[in-house]
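I opened this entry to keep track of what I looked up, topic by topic.

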Amino acid sequence: PLDEPHLPERPLAVERAGEELADEIEELLSRPRRRERHRPNVPRDVERGIVEEGNVQAALDLLLASAKRGDTTALEQGLQLTGDLWMYWHVRGKNVTAREVATSFLDAGGPASATVGEAGALITVGLESWVLGRYEQSLEEWSQAAGIAEKIGAEREACIASTMQSLSLLF
């Protein structure tokens, strides 16, 4: 599902929907990240995620296809999206899927470029390693995420990665 579809041609309506979805994603990701405390409504948020899961997957597929064609904006948006979905995927038990998707974006980017998206994707990858009992690997992935986040001043990602490093040391 993450590779480009092998269809002869996409209908114009699908093409427009993809473009509209890409515009919505760009607008959402361009908003400043919250700094104030946010108390999530987990049941509501998970329920909404279930309803929107098809749209999220379509967005990820579109972004990955664009990233593989060299679109660096789509790459960063995809990386950020995989980073933002880390806990949603965990709560839903989709840790292996999360790693596959995040790794696909990390691999599509070539050499590491130290971005917010890269740090977030590494947080997601580290969580899957931790869930599967690969504690040393998770520590390495979260350490890498923390280093990137600290280097570029991404406070949210630095906080998450540092917290998760502590968790990996408990086992």
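I began with Trp-130, which counts as buried because its relative accessibility is 17%, under the 20% cut-off. I noted that the model is a predicted one, and then looked for ring pairs, of which the structure holds one. That aromatic pair is formed by Trp-130 and Tyr-135, whose rings lie 6.5 Å apart centre to centre with 65° between the planes, an edge-to-face arrangement. I wrote down both values since a pair of aromatic rings is described by the distance of the centres and the angle of the planes. For Tyr-135 I found a relative accessible area of 29%, so this residue is partly exposed.

I next placed Asn-95 in helix α5, which covers residues 95–108. Is Asn-95 buried or exposed? I recorded Asn-95 as buried, because its relative accessible area is 10%. Leaving aside residues up to four places away in sequence, I listed Trp-89, His-90, Leu-127, Glu-128 and Val-131 as the residues that Asn-95 touches.

I then turned to helix α3 (residues 72–84) and helix α6 (residues 116–131), which pack at an angle of about 40° with their axes 7 Å apart. The crossing in which α3 passes α6 is left-handed. On the α3 side I noted Glu-76, Leu-79, Gln-80, Thr-82 and Gly-83 as making the contact, and on the α6 side Val-116, Gly-117, Glu-118, Gly-120, Ala-121 and Thr-124. Sorted by class, this contact of α3 with α6 has six polar, three nonpolar and two charged residues.

Definitions and conventions
Residues are numbered from 1 along each chain as its sequence is written. This is a predicted model: local features need pLDDT of at least 70, side-chain atom pairs count only at pLDDT 80 or more; totals for chains, interfaces and linings use all residues. Side-chain values use heavy atoms; hydrogens and water are left out. Rings of Phe, Tyr and Trp (its six-membered ring) pair if their centres lie within 6.5 Å; planes under 30 degrees apart count as stacked, over 60 as edge-to-face and the rest as tilted. Buried means under 20% relative accessible area, exposed over 50%, partly exposed in between (1.4 Å probe, protein chains only). Helices (H or I, at least four residues) and strands (E, at least two) are DSSP runs, numbered from the N terminus. Contact means heavy atoms within 4.5 Å. Axes are lines fitted to C-alpha atoms, for helices over the stretch in contact, and angles run from 0 to 180 degrees between N-to-C directions. A crossing is left-handed if the near helix is turned anticlockwise from the far one by less than a right angle, and right-handed if clockwise. Ala, Val, Leu, Ile, Met, Phe, Trp, Tyr, Cys and Pro count as nonpolar, Asp, Glu, Lys and Arg as charged, and the others, Gly among them, as polar.
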